[in-house]
Structures are given as C-alpha cells and as structure tokens.
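We will go from rings to charges, one selection at a time.

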Amino acid sequence: ADIISTVEFNHTGELLATGDKGGRVVIFQREQESKNQPHRRGEYNVYSTFQSHEPEFDYLKSLEIEEKINKIRWLPQQNAAYFLLSTNDKTVKLWKVSERDKRPEGYNLKDEDGRLRDPSMITVLRVPVLRPMDLMVEATPRRVFANAHTYHINSISVNSDYETYMSADDLRINLWNFEITNQSFNIVDIKPANMEELTEVITAAEFHPHHCNTFVYSSSKGTIRLCDMRAAALCDRHAKFFEEPEDPSNRSFFSEIISSISDVKFSHSGRYIMTRDYLTVKVWDLNMENRPIETYQVHDYLRSKLCSLYENDCIFDKFECVWNGSDSVIMTGSYNNFFRMFDRNTKRDVTLEASRENSKPRAILKPRKVCVGGKRRKDEISVDSLDFSKKILHTAWHPSENIIAVAATNNLYIFQDKVN
Amino acid sequence: MECTLDAQSLISISLRKIHSSRAQRGGIKLHKNLLVSYVLRNARQLYLSERYAELYRRQQHYPDGAPLLAMPACPPPAAAAPPELAALPLPADTQDREARSCGAARGGAELLEVPVCAVPPELQRAPCRDSSPGFYRAAGSAGPGGGGSAAPGLLYAAGCDFASGGAPHCSSRTTVLDLDTHVVTTVENGYLHQDCCSQCPCCCQPAPGLASPPPAPGTKRKYYPGQEEEEEGVEEGEPGGGGVAGGPPFAPCTKRARFEEYSAEHPQDSSNISNLISIFGSGFTGLVSRQQADSEQPLNGQLCSKQALASLGAWTRAIVAF
C-alpha cells in the first residue's frame, strides 16, 4: 500500500476517493443500509481502483514528473456515471467511473472461437439480450489537461457552474473548460519579471461554493486574496486581501515558514474561509480582511521545537483542514497520528488518534492529550515522545453526516458517529 | 528564542537542503526552496549582526583600527559543532593588505583565528557583492563606509568597488534560467550585460500556451537543452565535465561564469559558507557564483564554455530554474 496523498468525499458522501503516491486512485462506496444488519451502518468498501497517473519524464528540462496524486475533486453527479478530477504535479485528468452490470448475450455472428462467421452461413437474425453479470466498475480517462503548468500544481477546484474548473501551481492559476483540453485561460500570474525578486508563491486555491465568479488563493506569506473574475480577465489585482499582522514577539528564524498557508477552504455557506498554517487553523469572515475571526492552536507545543522540525523537514509538512457539513466543527491533522477537531460554537476541542493499536472496530475513540511540561499524567504523551513520521496531512468530512476519513500515511481510517 | 542551533549551523543546514533538493524526484520544489532561502536570510542577518557587534567591540579595544577592518573574529575552533567560518571574502586587489591584516590579526585579540590566511587564494579573489551591507573591505577606511544600513561606527564599506584593481573576476553575476521561455538572462550588478555566449544559436521553443515574460533589456541567450543533460554528470567544482555534447561553438569568454562551490560532501567547509553569508540576500538574490578553484588553468574558449555551462546548468537549475 502506498502513502495516501489525498482524500475526498463526493457531493453526496456515497463515495470516498483516495489518491496515493504511486498515482493510483481507490474509490470506496458506502454500503446501503439494511434492516437486517443495523449495526453495519453503511460501511465503506472498495468500489474501484485504477491507475490515474504514471511517472513521466520531461526530456526538455531533464525532470522527472512524479505520479503522486496531489488532489482529487469530484464533479456533482449528473447521470449514472461518476466523474472526478485527479491531478499530479503537471497534468489534470477527468475520469469517468461507471458501472456495468449487464452484458449482451446471444450474438450469432461469431462462432465459439470468436471468429466472425461467414455471412452466407447465417440464416437467422438474432437480437442479443442483456443479461445480468457481476458488477464491474470501470474507470476511463475522458479528458487529459496537460502542458499548462510550468510549476507544480498544488490545487484544483471545480466551479459552481460545473462547466469550468481551475488549477493552481506555485505561480499561476489557470481556468479550464471541461470540454476543452488544449486551451486554458490564465487568470492569476504572480511570477515576477525577474525571478530574483520572487518573494511568495501560491499555495492553495478554491472557488466559492456558490458564486462562480469568485475564488480565493493563499500564499506562502500567510495571506489570502479573493478575486472576482468579472473585474478583469487577469485577476492579478485582488478584490479582497486577508492578512493578519505578525506578532513581533513571536519572531524567529522560521517565522516565514510557519506562516505559510498550506490549505484554504471555503465554508459550505460561503461566508467564511479557513486557512491552515503550520501551527494554527484560522477562520476568516469574508467581510473582514484585517484579521481572522477565530484562531485555533493545533499543536503550539511545537513552537519551541521548530529547529529540529526544520532539520528533519517536518516544518514543511502541508496539513489540510476541513469543515463539517454544518460549518460548526473544523478538523485538521497533526503528528503522532493525532488529529484535532474544534467546535466553533462550544469552543471545545478534542485530540484523537488514528492507529490500529488504540482503536478496535466500533470502539469509541479516546481523547488524547499531549503533555507540554511538568508532570506527565498517565494517559498523556510527552512532546518528546511524539512520532513525527506519523503525520496526518489529509482528512475529509462527509458532506452531511458525521463520518470522517483520516489518512495516516498508508492507512485510511473511517470514523463514524456513535450509533445508539 | 531558538533552540540549540546557531546561525552558522542553520546556514549550513539550509544550504544542504537546497543542494539536496536538486536531486529530489519530481524536480525542484519552488515553495520549499523559497522558504529555505528565508531561513538563510534570517540566519545570515543574525550572523552578520553578531559579526558587526564583535568588530565594534574590537574597535573599542584597538583604536588603531586598520588591520581589524579585514579580520572579523571567528569562533574559536574549540567549538567543534558549528563549522569554522573564515572571514568574509576580500577583493582581489587587497592581497598585500590581507597579508598585513593577517599578521596583525595574529597579534591581535586572542579570539582571532587565522583561517582567513588559510583560505585559499582563489577565495580571496572572490567577487564582491553588490549592495550587501555585509561586505568588508580591507581598505583601511575608518568610519562607516558608503551606504549600508548597519549602525554607525561600524567599520565596513558597503557596496562593491568594481574599479579596485580591475581584477578580472571581481564582478557579481547572477544567471537566471526562465523555465517558461528557456531564456537565460545574466544580470551583473543589477544590469544586464553581454553574455559571452551570445552567439549561440537558439534552438528551444518556449512551451506552448504560456505567456512569455516581458522582454528585458540586454542580451539574452537561448538555453540549449542538451547542455543540461551534461550537467547531470558534473559535480559542482569539477571542471567542465565531459564537455557539452554537440554544443554550439562559443567565443572565448572574457568573463567567466561562476558558481557556488559549496558541496554537500563538505558540510564543514567553512570558507564556502562564509562566502555565501556575505553575498546572500533575501529570496534568491545574491547567490552569486564564485570563481572555481582551478581557474588558474589557461583559458581557452572550450574550457571556458564547458565550465560555464556545467556550472551554469548546475546553479541556475538549483536556485532559480523552476
């Protein structure tokens, strides 16, 4: 099993897609709930597996292009088939996932070997009949959107018009139409004329959930820009600029690194955006640009460990963040296979662990606690015993129910609300 | 504020990261390297401010002043962990002054080390930095030099004196490869200059569908993609590698391109680190190459081009070629 690099529920929550470092996509489908087995409340089973991207080599630049799937985004379902976008560093692909559970039988045009019979030997016209067969799920690439990004793609986002989507790399954002693969519009370009003057890169981008003209993108400097595509063809000038002034007392060698935003997500309502930087999650109101309305400390005990985290490269880890269906709870990952949830209304938070040893199927997850100093209580873990190789970067929340998917390196955990 | 790492270790760690990022699968990650460059800048600022402070203290003790201008103190070798740092590079024309300073330094404060004198001569002919305030000049000029943002009373001269001795290698040059258009732009001290390889026929096509950056004044050379292939087998610091396969002929270069000669195999190579400290600016500015050690070899156009291209490919790809 390979390291999971992205997790995403579809719009109904019936399907859950994961992408991994090997370029594969695995789709899970939720079982139909049955009266016979009420305790199996819709478990997720493997539905389809396919190889989305292969490693490539750019001969012009002598660069290997990784096959790792950076992001998967579902399209809303419009017919019996499912459609999703998957992307690696350079190429976005539209995949169609469809079922086949019938096959035609009764052809009399071929003999048993499969060879065509001589037409003069055929005297009867037989119309084939569709008979049921074992369910087969097939994935076919419907579009390949290539050669539009010089830098590494970090985000894709489907527009609410369901006709267009955008792909963002370090310096540019392109707008695509699903039907057209040989053209894209460049809507954001922050590349300086002289690369020596480069000071920031784009780290994530997302369309507004309802307004098809609006999108946001975050930067490595900890800022978010909201752009309106109606204003100009090239959205280099933002409509809104979200930035919180830096706290000078927290200044360190690594201030720039820990302020870099690794993920940005609109709330389902479209009223808020959430950003994740290395130590915090912040919720911003779109109507207030000068500071976030809420800031949550994910693992502030790491602030004194930034040196070692820089040495072992952990400080560059890009954590994602997600909203629950009602925008009342936000979730993000941490180290030691911990993940954190923050209830925005009650202001309570919880730390949970995704690990086989600590959770049997259908057992309740026990809250965890990190001890930051002084006397360590029995169930607490001290900061120095945290395993930094076990990181939860990717999580997903079902769009309407309390079901979460947590990717812990190469394992996928799915947790549900307790059934009474 | 920080844990056990000091500025020097941070700098060497950061350089190692940048260097190893070149070998990573999937190409150089622009975002990560940008962040590492910020750490480098921060560490450099701290290191330099410590140097200024040290120098200022020495000036208080030794009011005769001149020799100490050239000899910022180095940490005693007893501190084994941080790499031993040589003093900042000096312009070529001050060699005799260096000797004098060196001697004076030896007789100077007990903390003063001699690594500067031990620095190979080519290091001392390293290029000046353009506008970095961290540049020391053993010119005997007391008082604050021109420009610069350091505190008054500190003895340094900001800016690079190109006129000094006309040393052939005293120029700062940064070479940038634009991955979109495959155009190489060489910027010297803030303005473009004629590249010695400007006669090279261009044979790359810019990637389709991408907007080209606005044309900049000065000469640009199309980058021949085959050259990059050569770079793979060339270690930094080696002369010319196997040569450029099928490369176009070049006119002999009057100015040679340079490259950084720090290497991951010598993380303790303090002289390289001090070089970078003096020339490193924010972002990617200031990653100026310095002369290769074996530049004493007689120049011929072919060697020049091979060296230039080998090193050019190496460093433009590492730092700016994204």
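Searching the whole structure turns up 20 aromatic pairs over all chains. Here, rings of Phe, Tyr and Trp (its six-membered ring) pair if their centres lie within 6.5 Å, with planes under 30 degrees apart counted as stacked, over 60 as edge-to-face and the rest as tilted. Select F207(A) and F215(A): this aromatic pair is edge-to-face, at 6.0 Å centre to centre and 75° between the planes. F207(A) is buried at a relative accessible area of 3%, and F215(A) is buried at 0%. (Buried means under 20% relative accessible area, exposed over 50%, partly exposed in between, with a 1.4 Å probe and protein chains only.)

A note before you go on: this is a predicted model, in which local features need pLDDT of at least 70 and side-chain atom pairs count only at pLDDT 80 or more, while totals for chains, interfaces and linings use all residues. Residues are numbered from 1 along each chain as its sequence is written, chains are lettered from A and ligands numbered from 1 in the order in which they are written, and side-chain values use heavy atoms, leaving out hydrogens and water.

Next, select F145(A), Y165(A), W176(A) and F178(A), a cluster linked by ring pairs.

## Charges over rings

Move to Y272(A): the charged end of R344(A) sits over its ring, 4.7 Å from the centre. The criterion is NZ of Lys or CZ of Arg within 6 Å of the ring centre and within 35 degrees of the ring normal. Then show both chains and find K17(B), which lies over the face of Y310(A) at 5.0 Å from the ring centre.

## Salt bridges

Over all chains, the structure holds 37 salt bridges, each a side-chain nitrogen of Lys or Arg within 4 Å of a carboxyl oxygen of Asp or Glu. Pick K71(A) and E320(A), whose side chains meet in one of them at 3.9 Å, N to O. Both residues, K71(A) and E320(A), are buried.

Now select E138(A) and R100(A), a salt bridge with its closest N and O atoms 2.8 Å apart. E138(A) is in strand β10 and R100(A) in strand β9 of chain A, so the pair ties together parts 38 residues apart in sequence. (Strands are DSSP runs of E, at least two residues, and helices of H or I, at least four, numbered from the N terminus.) E138(A) is partly exposed at 26% relative accessibility, as is R100(A) at 38%.

For a last stop, select E64(A), E66(A), E67(A), R25(B) and K29(B), which salt bridges link into a network.
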